[in-house]
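User: I'd like to learn how to read aromatic pairs, charges over rings and surface patches in a model. Can you walk me through them?

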Amino acid sequence: NNQLISMQWTGHEPSNEFRSIYTINWSQKIEDFKGALQHFNVPGLNFMYADIEGNIAMYSSAKLPIRTGNKINLRRGWNPDDDWKGYIPRDKMPYVVNPKNGWIANANNAITSQNYPYYITSFWEHPSRIERITSVLSSDSSITEEDMIRLQNDTFSSFAATVVPTVIEVLGSQNEFDFSIATSYLKNWDYNYTLNSTAASIFDIFFTKLTENTLKDEFGNKAYDIIIEHESIPVRTMTKFIQDSSSFFDNITTQEIETKDDIILKSMQETLVFLNDSLGSEPFEWRWEQLHTISFKPFFLNKIASQSNPPFGLPTIVENVLSKGPYPAKGNGMSINNGRYNWKKPFEMTLGASLRRIINLSDLRSSKSILPTGQSGNPLSPHYDDQTEMWLNEQYKLFHHTDSIGAITKVFTTTFSPSETN
């Protein structure tokens with residue numbers, strides 16, 4: 001409404017992140033590492049630490065303003081009461097050092113309790129991934145490198161395990177529609193997003209339909225597109241609605257008053273129609289690999305090639321020379337093996353592990369790592385995409401580090417997969 005909006009960001013203030021990184025590289029002990037973070041302001045990161053003496057730690061480092069009042073809405077720029085009140089002291093930022101359980105994990109989940117005196121954010125990721133990590137690491141006091149390979153490639157969804165029982169209950173409480181096929185697959189699902197899972201396809205299509213049928217009539221097309229821009233927002237919102245019910249389930253464009261059960265039934269009907277129309281009438285054709293794929297494209301050139309009037313020939317070069325895929329992909333946004341997709345263009349994967357690495361500090365010669373494409377950015381190089389197949393198949397390359405000063409680190413092409421032992 002013709003009002004002026006002024007933005008403030010700590011990224012526009014002086015900082016020295018390179019000094020932090022440089023000092024970290026020369027750290028001799030945990031105190032040196034912690035001290036190096038004093039200069040790291042933007043972006044806010046959780047730094048993980050481990051050393052050969054057995055110390056482990058996680059330090060949250062950022063220059064974060066102290067806010068009063070409502071932390072999310074636009075603030076009253078003309079009122080000094082809404083100004084930032086300095087910054088969270090460095091020694092008050094969240095940290096964990098040598099916890100009793102013997103391990104530290106983070107999956108962009110909430111790291112503070114309600115008793116924490118400062119505001120960091122309201123947009124933590126859904127806890128599905130950290131719940132799975134916690135469950136696995138807490139089940140065994142002895143974790144091997146092979147266990148870590150399996151953990152990094154884990155496709156279990158704690159989120160689906162929480163929501164599906166309610167859906168099954170609603171589907172089974174009525175006799176008007178035949179949902180026996182969907183119910184059977186969901187009842188027998190282990191909540192893993194493997195390539196051959198039909199239940200994964202049914203649930204994810206259903207959940208996107210449920211979200212749209214619940215929220216879109218209230219918010220309208222434009223606002224709804226903003227809501228689904230970041231998956232964690234609709235996922236957290238709908239999880240709460242399903243558990244507690246909500247007036248949002250009523251479709252305001254109709255004369256009737258719809259309930260949660262009504263919207264669940266409608267969404268499952270639409271799910272089965274979608275699957276039949278797009279993948280065929282046989283449920284075995286509805287496998288996750290038929291829907292969920294990943295393609296690797298050069299970011300900037302693909303942006304240019306996607307414009308309405310791109311340079312002559314560029315789209316062809318990007319698509320046929322520089323791009324790789326699509327490949328069937330495991331996982332989804334709620335699994336440790338992150339396979340998030342854009343809700344506006346489901347189910348093409350847009351976010352995943354840009355690097356998987358396992359470091360054994362007692363023997364650096366056995367460190368393992370894998371990239372989704374290759375070590376080279378040159379499309380004519382044999383190393384442009386020579387790691388993709390291994391990345392897709394949960395395999396790793398062995399990084400052999402020499403102890404000689406000045407020696408070049410050698411990379412062997414020995415591969416490791418979860419089914420193999422050292």
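This is a predicted model: local features need pLDDT of at least 70, side-chain atom pairs count only at pLDDT 80 or more; totals for chains, interfaces and linings use all residues.

User: Okay, rings to start with. How many aromatic pairs are there?

Analyst: Two rings pair if their centres lie within 6.5 Å. By that rule the count is 25 aromatic pairs.

User: Where do F33 and Y49 sit in the chain?

Analyst: They link distant parts of it, 16 residues apart: F33 belongs to helix α2 (residues 30-36), and Y49 to strand β1 (residues 45-50). Both F33 and Y49 are buried.

User: What about W189 and Y191, how is that pair arranged?

Analyst: W189 and Y191 are another tilted pair, with 5.2 Å from centre to centre and 55° between the planes.

User: And is W189 buried or exposed?

Analyst: Buried means under 20% relative accessible area. W189 has 7% relative accessibility, so it counts as buried. Y191, at 17%, falls under the cut-off too, so it is buried as well.

User: Which residues form the aromatic cluster?

Analyst: W189 and Y191 both belong to one, along with F156, F159, Y193, F203, F207, W288, Y341, W343 and F347.

User: What makes up the nonpolar surface patch?

Analyst: I52, I359, L361 and L364 do, and the patch covers about 380 Å². Look at L364, in the loop between β8 (356-358) and β9 (367-370). Its relative accessible area is 41%, and because that lies between the 20% and 50% cut-offs, L364 is partly exposed.

User: Last one: what does T388 touch?

Analyst: Leaving out residues up to four places away in sequence, T388 touches F296, Y327, L371, P372 and T373. T388 is in helix α13 (residues 388-392), and with a relative accessible area of 3% it is buried. As for T144, 244 residues from T388 along the chain, the C-alpha atoms of the two are separated by 25 Å.

Conventions: Residues are numbered from 1 along each chain as its sequence is written. Side-chain values use heavy atoms; hydrogens and water are left out. Rings of Phe, Tyr and Trp (its six-membered ring) pair if their centres lie within 6.5 Å; planes under 30 degrees apart count as stacked, over 60 as edge-to-face and the rest as tilted. Helices (H or I, at least four residues) and strands (E, at least two) are DSSP runs, numbered from the N terminus. Buried means under 20% relative accessible area, exposed over 50%, partly exposed in between (1.4 Å probe, protein chains only). Patches are made of residues with over 30% relative accessible area and no salt bridge: like charges are joined within 9 Å, nonpolar side chains (Val, Leu, Ile, Met, Phe, Trp, Tyr) within 5 Å. Accessible areas come from the Shrake-Rupley method with a 1.4 Å probe; for residues, only the protein chains shown count as cover. A salt bridge is a side-chain nitrogen of Lys or Arg within 4 Å of a carboxyl oxygen of Asp or Glu. Contact means heavy atoms within 4.5 Å.
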